Every structure is written in C-alpha cells, then in structure tokens.
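Reader: Hi! Could you walk me through this one while I have it open?

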Amino acid sequence: MYYKFSGITQKLTGAGPAVAYNPQGLRPGPPAEPPAMVFGTPTKVLSEAGPAVEFMGANKVPDFQRIFQTSDGVPVHLKRGYPDRLLYRTTMALTVGGALYCLVALYFAAQPNRK
C-alpha cells in the first residue's frame with residue numbers, strides 16, 4: 001500500500017502509486033533545458049592533445065626528490081626552509097595554546113559555584 005501526507009488532516013493517508021510518487025499535487029513536467037557548460041573549453045582526450053599539453057606545468061618531482069632526499073640532518077617537514085619553519089612553529093604554538101586553554105577551562109568548570 002502507498003501513503004501520502006494529507007495537507008488537510010496533517011496525517012498519512014492511503015493513496016495510489018501515482019499520487020504517492022508525486023506528492024502534494026506535483027506532476028512531472030517536460031524536461032528542462034540542459035544547464036550551460038561550466039567550463040569554457042571542452043576537454044581534450046590525451047591522444048588528441050598532441051605531444052605537449054599546454055595546461056601542464058613543468059615536472060617538479062625530480063627537484064623535490066633532490067631536496068627531500070639529501071641527508072643534511074634536517075627533518076623532512078622542515079626541508080623547504082623558512083615557510084616550513086613558520087608553519088611548524090605556528091602549528092605548535094596553536095597546539096600548546098589550545099591545550100592550555102582546555103586545561104584552564106576544565107579548571108574553571110571544576111570549581112563550585114559561588115553564590
């Protein structure tokens with residue numbers, strides 16, 4: 001058996017399959033227009049692109065392998081210099097600050113109410 005929501009009685013009532021699958025009087029209409037293309041240029045298949053695809057940049061993997069595989073005693077998360085140090089130190093400061101804030105909030109929550 002199929003059910004639909006009655007707007008008058010605000011309850012479920014018995015209904016046929018056509019009414020149950022098209023609730024509240026909605027009926028399927030003609031198909032809508034297709035949406036406009038999101039991308040301005042059509043996608044190319046790799047075989048159509050030719051020897052070099054214009055949107056691909058230079059291959060940076062060998063450079064990164066050379067940087068990260070040198071044995072200079074620097075941890076891998078700090079190998080790229082100043083930006084990595086800044087990101088690491090900011091992350092550590094926020095982590096320590098958040099932990100301290102949680103401990104202070106827990107301390108205040110544990111204190112009895114003063115009236």
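Author: Happy to; here is a short tour, starting with where the numbers come from. This is a predicted model, so local features need pLDDT of at least 70 and side-chain atom pairs count only at pLDDT 80 or more, while totals for chains, interfaces and linings use all residues. Residues are numbered from 1 along each chain as its sequence is written, and side-chain values use heavy atoms, with hydrogens and water left out.

Reader: Thanks! What does the secondary structure of the chain come to?

Author: The chain has four helices and two strands, in the order β-β-α-α-α-α from the N terminus on. Helices (H or I, at least four residues) and strands (E, at least two) are DSSP runs, numbered from the N terminus.

Reader: And how do β1 and β2 pair?

Author: Strand β1 (residues 2-5) and strand β2 (residues 12-15) run antiparallel and share four bridges; strands count as paired if DSSP finds at least two bridges between them. Tyr 3 has Gly 14 as its bridge partner, and Lys 4 stands opposite Thr 13.

Reader: Changing topic: how many aromatic pairs turn up in the whole structure?

Author: Two. One of them is Phe 64 with Phe 68, a tilted pair at 6.2 Å centre to centre with 35° between the planes. Rings of Phe, Tyr and Trp (its six-membered ring) pair if their centres lie within 6.5 Å; planes under 30 degrees apart are stacked, over 60 edge-to-face, and the rest tilted.

Reader: Where do Phe 64 and Phe 68 lie?

Author: Both are in helix α3 (residues 61-68), four residues apart, about one turn of the helix. Phe 64 is partly exposed at 32% relative accessibility, and Phe 68 is partly exposed with a relative accessible area of 32%.

Reader: What about Lys 79, buried or exposed?

Author: Lys 79 counts as buried, because its relative accessibility is 15%. Lys 79 sits in the loop between α3 and α4 (82-110), and its side chain reaches the backbone oxygen of Thr 70 at 2.5 Å.

Reader: Which residues is Lys 79 in contact with?

Author: Leaving aside neighbours within four places in sequence, the contacts (heavy atoms within 4.5 Å) are Ile 67, Phe 68, Thr 70, Asp 72, Val 74 and Asp 84.

Reader: And which residues does UniProt list as "transmembrane region"?

Author: The unreviewed UniProt entry lists residues 86-110; such annotations may be inferred rather than shown by experiment. In the model that span is 100% helix and 0% strand, with its end C-alpha atoms 36 Å apart.

Reader: Last one: what share of the chain do buried residues make up?

Author: They make up 7% of the 115 residues. Among contacts between residues at least 6 apart in sequence, 0% join residues at least 24 apart.

Terms used
Buried < 20%, exposed > 50% of the residue type's maximum accessible area, 1.4 Å probe, protein only. Polar contact = N/O pair within 3.5 Å; in protein donor to acceptor, adjacent residues only side chain to side chain.
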